[in-house]
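This report goes through selected parts of one protein structure. Please keep the sequence and the 3D view at hand while reading.

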Amino acid sequence: MRILLDYRPALVQRTGVGEYAHELAAALVSQLGSEDTLTLFSSSWRDRLEEGRVRGAAVADARVPVYLLNLAWHRLGWPPVETLAGPCDLVHGLHPLLIPTRRAAQVVSVHDLYFLDRTEGTAVEVRRDYAALAADHARRADAVIVISKYGAAQAQTRLGVSADRIAICPPGAPPWARRTSSPPDGPIVFIGSSEPRKNVIGLLAAYETLLGEMPDAPPLVLAGRPPAPESPITKRLDTPPLKGRARHMGYVSDPERRNLYERASMVVVPSLDEGFGMTALEAMTVGAPVVASNRGALPEVVSDAGLLIDPAANGSLAEGMARMLKDRALAERSVEAGWRRSALFTWSASARELRRAYDDAVERRRQRA
């Protein structure tokens, strides 16, 4: 099988979907047979995808602006990807919209469906195309890849995809060693974007409440896509009582991210909706206590290995953070249970399920043809 995988999300900054694309590609190489090939596809006017990014995978690097290509693909269904990347038997897009092809099986990934309800802070093409086209494209795809049972249920109920065409391929835990100590005075850490569903404003309000109850509470450190200078998040961080107690680091490198987890007194994931919750899995892998929302796939990922709170309940998040700081037995139970639970998530298992989905997709395409 000649597999073409859309690697564009991982081309520059491997956050979220990009990290998923890279790690899944690396794990997929081990599932290839002697006559199989994996090619990573990229398109950009400025940034190049070099050979050897993923050992064992070839590269098809098109010098085409990604926004122009997506406009043509999403709205015109043209050009077929073979004109840019050569022949293939299956093409997998790491987003919910189909990549046009002449004859190959088509696979799409659905990481979450928050764009059906809220598009503030998202890219132009997400606002323009995703809500309007995702359901139709998902139903036409030969397979739909999701990252959680919650995502599978959403694909069925909200996009109308039949269960037999859905494959669950969750992210794997990073290959990080467990930290040797649990600093109770380490920072409270949040890692993620500033889009509304991440509930950063709710986190800042909860931290203000926590400071009123515990003036000596650890500092709050946020990392990820930085908020705009004029955003409510920035204004709140620059105003007492948060000024000097909470800060935003912006994007962080992999070593910096891991260092944050290792120093954290806890990691907070207060999302209003979450297709998976990679931050929670990374925290559990390192051995940091987790306080997470009970929304989306987070209960599925965290289970009983952390403290789940209702982000919409008044005072719930502040109370959860206070409990994790005050109750060291709770924090240690969270660490032990989280470390064991993180071992259940492996890239190799997801790659095996992905390869099975690819075989099924090619057979469906053959039957349709």
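At what angle do helix 2 and helix 4 pack, and how far apart are their axes?

## Helix 2 and helix 4

The model is predicted. In this model, helix 2 covers residues 66-76 and helix 4 covers residues 124-140. The two pack at an angle of about 35°, and their axes are 10 Å apart. The crossing of helix 2 past helix 4 is left-handed.

On the side of helix 2, the residues in the contact are Asn70, Leu71, His74 and Arg75. They meet Glu125, Arg128, Asp129, Tyr130, Ala132, Leu133 and His137 of helix 4. Sorted by class, the residues of this contact are 4 nonpolar, 3 polar and 4 charged.

Tryptophan 78 is located in the loop between helix 2 and helix 3, the latter formed by residues 82-85. Is tryptophan 78 buried or exposed? Its relative accessibility is 53%, so tryptophan 78 counts as exposed. Leaving aside residues up to four places away in sequence, tryptophan 78 touches Ala72, Trp73 and Pro100. Glutamate 274 is 196 residues from tryptophan 78 in sequence, and the two are 32 Å apart in space, C-alpha to C-alpha.

Proline 79 is found in the loop between helix 2 and helix 3. The peptide bond that leads from tryptophan 78 to proline 79 is cis, with omega near 0°.

## Histidine 22 in helix 1

Helix 1 is made of residues 17-28 and contains histidine 22. The relative accessible area of histidine 22 is 11%, and this residue is buried. Which residues does histidine 22 touch, not counting residues up to four places away in sequence? They are Tyr7, Ala10, Arg14, Arg53 and Val54.

Asparagine 199 lies in the loop between strand 8 and helix 6. Its phi is near 60°, a positive value in a residue other than glycine. Most residues other than glycine have a negative phi. With a relative accessible area of 12%, asparagine 199 is buried.

Helix 6 consists of 14 residues, 200-213. From its first C-alpha to its last it reaches 20 Å, close to the 20 Å expected at 1.5 Å a residue. Buried in helix 6 are Val200, Leu203, Leu204, Ala206, Tyr207, Leu210 and Leu211. Viewed down the helix axis, the buried residues of helix 6 fall within an arc of 165°, so they line one face of the helix. These buried residues pack against several elements: strand 8 (188-191), strand 9 (220-223), helix 7 (232-237), strand 10 (246-248), strand 11 (266-269) and helix 11 (316-326).

## Helix 8 and helix 9

Helix 8, residues 254-263, crosses helix 9 at roughly 65°, and the axes come within 9 Å. This crossing is right-handed. Arg257, Tyr261 and Glu262 are the residues of helix 8 in the contact, and Thr279, Glu282, Ala283 and Val286 are those of helix 9. The residues of this contact divide into 3 nonpolar, 1 polar and 3 charged.

## Two further loops

Proline 241 is found in the loop between helix 7 and strand 10. A cis peptide bond joins proline 240 to proline 241, and its omega is about 5°. Most peptide bonds are trans.

Where does serine 303 lie? Serine 303 belongs to the loop between helix 10 and strand 13. Serine 303 is not a glycine, although its phi is positive, at about 55°. Its relative accessible area is 30%, and serine 303 is partly exposed.

## Helix 12

Helix 12 runs over residues 328-342, 15 residues in total. At 1.5 Å a residue they should span 21 Å, and the end C-alpha atoms are 21 Å apart, which agrees.

The buried residues in helix 12 are Leu330, Ala331, Ser334, Val335, Ala337, Gly338, Arg341 and Ser342. What covers these buried residues? The cover includes helix 9 (278-286), strand 12 (290-293), helix 10 (298-302), strand 13 (307-309) and helix 11.

How values were computed: Residues numbered from 1 in each chain as written. Predicted model: local features only at pLDDT ≥ 70, side-chain atom pairs only at ≥ 80, totals over all residues. Heavy atoms only, no water. Axes fitted to C-alpha atoms, helices over the stretch in contact; angles between N-to-C directions. Helix = DSSP H or I, 4+ residues; strand = E, 2+ residues; numbered from the N terminus. Left-handed = near helix turned anticlockwise from the far one by under 90°. Contact = heavy atoms within 4.5 Å. Nonpolar A, V, L, I, M, F, W, Y, C, P; charged D, E, K, R; others polar. Buried < 20%, exposed > 50% of the residue type's maximum accessible area, 1.4 Å probe, protein only. Expected span 1.5 Å × (residues − 1). Arc of directions from axis to C-beta.
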